[in-house]
Amino acid sequence: MSLSKEAHSTLGYLTLKDTEVKLPPPTRVKNKTPAPIQITAEQILREARERQEAEIRPPKQKIPDATELGEYRLRKRKEFEDLIPRVRRNIGLWIKYAQWEESQKDFKSARSVWEKALEVDNKNHTLWLKYAEMEMKNKFINHARNVWNRAVTLLPRVDQLWYKYIHMEELLGNVAGARQVFERWMKWMPDQQGWLSYIKFELRYNEIERARGVFERFVQCHPRVGAWIRHAKFEMKNGEVAKARNVYERAVEKLADDEEAEQLFVAFAEFEERCKETERARRIYKFALDHIPKGRAEDLYHKFVAFEKQYGDREGIEEAIVGKRRFQYEDEVRKNPLNYDSWFDYIRLEESVGNKERIKEVYERAIANVPPAEEKRFWQRYIYLWINYALYKELDAEDVDRTRDVYRECLNLIPHSKFSFAKIWLLAAQFEIRQLNLRGARQILGNAIGKAPKDKIFKKYIEIELQLGNIDRCRKLYEKYLEWSPENCYAWSKYAELERSLSETDRARAIFELAIAQPALDMPELLWKAYIDFETAEGEFERARALYERLLNKTKHLKVWISYVEFEATAIDQNGLDLTEEEQGRECLQRARRVFEEALNYFRSSAPELKEERAMLLEKWLNMEASSGELGDISLVQSKLPKKLKKRRKVTTEDGSARIGEFIDYLFPEEIQTTNLKILEAAYQWKKKQKLSSGDN
């Protein structure tokens with residue numbers, strides 16, 4: 001009889017469908033509103049415990065005589081025998097069967113069951129463990145030994161079987177037998193824990209020589225740093241200093257190039273240090289630093305420095321470390337001379353040593369590696385070599401002439417027609433200022449403006465001249481700045497600010513007029529704001545008002561209208577100073593209302609699609625009226641306020657699919673009237689058609 005296609009290997013002849021547990025569908029909660037009486041989780045658990053029924057257990061069966069016992073055993077065996085063919089590969093059932101036979105003290109039948117189970121799955125080490133434990137528990141030692149022998153022969157890579165077997169022999173006091181099992185196990189070359197267990201076993205019985213022999217075999221089987229270190233520590237613990245040193249020396253011969261060699265050298269050096277052999281330890285550290293790559297020697301370096309601090313002079317070790325690192329950097333820059341990060345590291349190393357000749361030599365070699373392409377991205381790291389070199393010459397070497405030469409050579413090297421670096425020009429000029437050479441600084445900044453004008457250069461040059469009080473030079477520089485970049489609103493604003501600070505109001509106003517007359521500006525809103533703020537600060541409210549009108553001729557953005565309103569709400573003319581405070585407030589409010597009306601007329605007639613902006617303007621007006629106290633009149637605005645309507649429309653997403661999205665629309669009073677008129681017109685037309693149709697009939 002063939003098995004079903006859905007039969008599972010652990011279920012015998014049963015299929016997954018037969019064993020599937022069908023759960024009821026989850027109940028959907030329709031009413032999610034909170035109940036009037038809330039019940040805590042603690043109360044639910046308490047009620048469940050109170051209402052829980054007593055567990056139904058099968059009654060205990062009393063067997064009064066041997067005949068009934070035999071019938072019980074026969075019936076129980078028949079149940080197991082009938083069930084096993086159906087789920088033959090269910091190992092748990094076999095174990096229950098065998099354990100039941102054991103509970104009936106029928107060990108022969110129990111062994112028979114265990115053997116049959118092993119025929120089904122002899123690779124299952126749990127079966128072997130349970131089988132052997134049954135024999136051990138009932139003191140059938142030879143039977144248990146036989147089971148263990150078969151188990152470790154069949155499954156030699158299962159360490160638990162070996163451990164249990166050895167543990168049994170050791171409990172029986174059969175040390176020789178346990179050692180024999182260990183030897184059988186070691187032939188299979190287990191992992192480190194197995195070898196260490198063998199060593200601990202020998203040490204428990206003070207078999208030092210045997211343990212030493214096991215260690216020798218252990219390091220041959222697992223030639224790793226950790227194994228050799230354990231071996232050496234074992235010898236050291238037993239007072240065998242010479243043998244421990246011999247172990248370390250052999251380990252170094254075999255594992256000097258290993259990835260974990262750093263740990264070996266550190267352990268070897270610490271061993272010599274404990275033996276008061278400081279010179280030996282020093283030589284080990286030096287040998288290790290010469291052979292281990294830089295990336296893996298960090299811990300070794302720290303250990304060596306700590307050792308030298310305690311036992312020797314630090315200069316020698318630092319020189320050795322520097323020499324090794326210098327060799328590595330030389331190798332890196334030789335392989336790739338355009339790797340400027342390696343040059344920076346190399347220079348930093350030499351600067352930490354402090355040898356000026358070597359520092360100069362490395363700097364000169366580094367700056368000689370000019371980028372091959374005239375593209376700024378290739379020069380961005382390279383240029384810092386020159387900057388660092390110049391700063392080193394000025395601050396550390398205190399060589400002023402060479403510093404000036406470095407800046408000059410660098411500026412001559414950069415192809416200013418294609419790109420430039422404002423930082424170099426400014427650093428060179430600041431150097432000359434520190435040397436009190438103002439003429440030289442001006443010459444450098446003038447060349448910068450002529451060859452490679454940049455915002456930073458103009459700003460710094462103007463700042464320097466302003467600090468020196470040279471106003472005429474500042475004006476000339478601003479003129480040059482604006483000739484080079486006439487669209488730069490920052491430059492126009494700062495130029496006008498300079499003139500205003502000098503009380504040159506007419507000049508500042510003329511500069512602003514020139515600025516707003518430019519055909520293109522990078523940030524015109526800032527420039528207009530600066531101009532209006534200038535006129536407002538000067539008390540020229542009529543001029544500021546005219547500027548707002550001119551600005552509204554260019555753009556009627558909502559922010560411009562709001563700014564205009566805020567200006568009118570606070571602008572008190574000189575002619576109105578003789579009025580009371582209430583009268584002045586009323587005039588300001590009237591002017592602000594006039595601007596609001598103009599803005600609403602524009603949005604109503606010229607930009608009806610900008611409903612949201614119009615609604616925001618009305619809200620601003622309403623807030624102003626509400627905050628004006630007795631002078632305010634919110635009824636002026638309330639009749640103009642729109643109704644908010646939530647509508648839906650089709651929206652196309654980024655992936656091209658369409659969906660329905662909600663948005664807020666505004667319905668203004670005049671639109672409501674228009675809608676009503678359209679409805680009346682449609683009703684009139686319908687009525688007219690009805691009359692005509694009745695007349696024809």
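L436 is found in the loop between α23 (422-434) and α24 (438-451), where helices are DSSP runs of H or I with at least four residues and strands are DSSP runs of E with at least two, numbered from the N terminus. L436 has a positive phi of about 65° although it is not a glycine, and with a relative accessible area of 77% this leucine is exposed; exposed means over 50% relative accessible area, buried under 20%, and partly exposed in between, with a 1.4 Å probe and protein chains only. The model is predicted, so that local features need pLDDT of at least 70 and side-chain atom pairs count only at pLDDT 80 or more, whereas totals for chains, interfaces and linings use all residues. Residues are numbered from 1 along each chain as its sequence is written, and side-chain values use heavy atoms, with hydrogens and water left out.

**Confidence and the chain as a whole**

- The protein chain averages a pLDDT of 82, and 90% of the residues score at least 70, pLDDT being the predictor's confidence in each residue, from 0 to 100.
- Over residues 1-13 pLDDT stays under 50, and for this segment the model has 22 contacts beyond four places in sequence, a contact being heavy atoms within 4.5 Å.
- Where pLDDT is low, the predicted coordinates should not be read in detail.
- The secondary structure of the protein chain comes to 35 helices and two strands, and buried residues make up 35% of its 697 residues.
- Of the contacts in the protein chain with a separation of 6 or more, 47% are accounted for by residues 24 or more positions apart.
- The accessible surface of the protein chain comes to about 43,900 Å², of which 51% belongs to carbon and sulfur atoms; accessible areas come from the Shrake-Rupley method with a 1.4 Å probe, and for residues only the protein chains shown count as cover.

**Helix α7**

- Helix α7 (residues 141-154) has 14 residues and reaches 20 Å from its first C-alpha to its last, close to the 20 Å expected at 1.5 Å a residue, where the expected span is 1.5 Å times one less than the number of residues.
- The buried residues of α7 are A144, V147, W148, A151 and V152. Seen down the axis of α7, these residues fall within an arc of 125°, so they line one face of the helix; the arc is that of the directions from the helix axis to the C-beta atoms.
- The exposed residues N142 and T153 are carried on the face of α7 turned away from its buried side, while the cover over the buried residues of α7 includes α6 (125-137), α8 (159-171) and α9 (175-186).

**Helix α28**

- Helix α28 (residues 505-516) has twelve residues and reaches 17 Å from its first C-alpha to its last, close to the 16 Å expected at 1.5 Å a residue.
- Its buried residues are A508, R509, I511, F512, A515 and I516. They cover an arc of only 160° around the axis, which puts them on the same side of α28.
- These buried residues of α28 pack against α27 (489-501), α29 (524-537) and α30 (541-554), whereas the face turned away from the buried side carries the exposed residues D506 and L514.

**Charged residues in loops and helices**

- K105 lies in the loop between α4 (91-103) and α5 (107-120); K105 has a positive phi of about 65° although it is not a glycine, and its relative accessible area of 58% makes it exposed.
- E260 is found in the loop between α13 (241-255) and α14 (261-274) and is partly exposed, with a relative accessible area of 38%. The C-alpha atoms of E260 and R224, which are 36 residues apart along the chain, are separated by 8.3 Å.
- K286 lies in helix α15 (residues 278-291) and counts as partly exposed at 40% relative accessibility. K286 and F304 are 18 residues apart in sequence and 8.6 Å apart in space, C-alpha to C-alpha.
- R614 is found in helix α33 (residues 611-627) and counts as buried at 7% relative accessibility. Not counting residues up to four places away in sequence, R614 touches L600, F603, R604, F668 and E670.

**Cysteines**

- With a disulfide taken as a pair of cysteine sulfur atoms within 2.5 Å, the count comes to zero disulfides.
- C474 counts as buried at 0% relative accessibility, and C489 is buried with a relative accessible area of 3%.
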